[in-house]
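This report describes a few features of one protein model. Look at the sequence and the structure first, then read on.

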Amino acid sequence: MIAPKVRPHYNRAPVVEATIDIGIEAGEPVAADQILMLSEDLKSDFPTRLPLHQLQMGFEVGPDGGPPTFSNRQENLGFRLDRPDRVLQLRTNGLSYSHLAPYSDWSTFSAEAKRYWDLYNRAIKPARAVRLAVRMINRVPLPSGDFRLDSCLNLYPTIPASLPSDVQTLGMQLQIPMRHIDESSVVILQLYGAPPVGADSQAIMLDIDFIIQKPVQIDAVFSTLNTLGDAKDDVFEACITDTIRELIS
């Protein structure tokens, strides 16, 4: 028997938004009314409901050089359900569940997401999942005063010595295949500047998005997501140094 993963616990966890996303393939087209009925059943959990729409636009050149014709079509994808610290999207093509700050822990978050997934699964009866993702957006605090970024993070841009070091804005993205997790898994790492929040202006955003895009059997959805949940912890720990661990402990 495999022992459960021991996850580092941080009293000041820097997660500002955590999201579990499940994209599905249905045996038959999913009607918007099915999503509406499911959202009605969840009114007590989520007092606010907003429609989700997708706008499709296009044009076609007329025959014999005639004038082009334009078209647009708005498709109802489902509903966004809100409460102050959680957001649930119920769509005809899947489900997303987001945990806003203050973040609790993975076991709480994933158990909540599984409950809504089970309700969605019973109502929609998807044939399979085709995309699974776990995304953690972290607002990582930085030390006050002068410091080197490489003393805080193991992931950072290198500035050539011939250039000035006083960077005003920062944006960095890496897409890394994670075949040791799954042959189809990719992690997208983004590092970018954090907007100031009150007196806390010394921070940087570390955005970790783990994705598996392939057919996954319904009964394997959450075991696969929990594998991604373990992997995103490993990626976060690999990206930070003990300086950051002290600031968030």
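How many disulfides does a search of the whole structure find?

## Cysteines

The model is a predicted one. A search through the whole of it finds zero disulfides. A disulfide is a covalent bond that links the sulfur atoms of two cysteines.

## Helix 1 and helix 2

A pair of packed helices is described by the angle between the axes and by the distance between them. Helix 1 covers residues 32-41, and it packs against helix 2 at an angle of about 140°, with the axes 10 Å apart. The two helices are therefore oblique to each other, as an angle counts as roughly antiparallel only when it is over 145 degrees. The crossing of helix 1 and helix 2 is right-handed.

On the side of helix 1, the contact is made by Gln34, Ile35 and Leu38; on the side of helix 2, by Leu119, Tyr120, Ala123 and Ile124. Sorted by class, the residues of this contact are six nonpolar, one polar and no charged.

## Helix 2 and helix 3

Helix 2 (residues 106-124) also meets helix 3 (residues 221-239): their axes come within 11 Å and cross at roughly 155°. Helix 2 and helix 3 are therefore roughly antiparallel to each other. Their crossing is right-handed.

Which residues of helix 2 meet helix 3? They are Trp106, Ser110, Ala113, Lys114 and Trp117, and their partners in helix 3 are Val221, Phe222, Leu225, Asn226, Gly229 and Lys232.

Most peptide bonds are trans, and most residues other than glycine have a negative phi.

Pro102 lies in the loop between strand 5 (94-100) and helix 2. The peptide bond that joins Ala101 and Pro102 is cis, with omega at about 0°.

Lys125 is found in the loop between helix 2 and strand 6 (126-141). Its phi is near 55°, a positive value in a residue other than glycine. Is Lys125 buried or exposed? Lys125 counts as exposed, because its relative accessibility is 61%.

Terms used: Residues are numbered from 1 along each chain as its sequence is written. This is a predicted model: local features need pLDDT of at least 70, side-chain atom pairs count only at pLDDT 80 or more; totals for chains, interfaces and linings use all residues. Side-chain values use heavy atoms; hydrogens and water are left out. Axes are lines fitted to C-alpha atoms, for helices over the stretch in contact, and angles run from 0 to 180 degrees between N-to-C directions. Helices (H or I, at least four residues) and strands (E, at least two) are DSSP runs, numbered from the N terminus. Angles under 35 degrees count as roughly parallel, over 145 as roughly antiparallel, 65 to 115 as roughly perpendicular and the rest as oblique. A crossing is left-handed if the near helix is turned anticlockwise from the far one by less than a right angle, and right-handed if clockwise. Contact means heavy atoms within 4.5 Å. A disulfide is a pair of cysteine sulfur atoms within 2.5 Å. Buried means under 20% relative accessible area, exposed over 50%, partly exposed in between (1.4 Å probe, protein chains only). Ala, Val, Leu, Ile, Met, Phe, Trp, Tyr, Cys and Pro count as nonpolar, Asp, Glu, Lys and Arg as charged, and the others, Gly among them, as polar.
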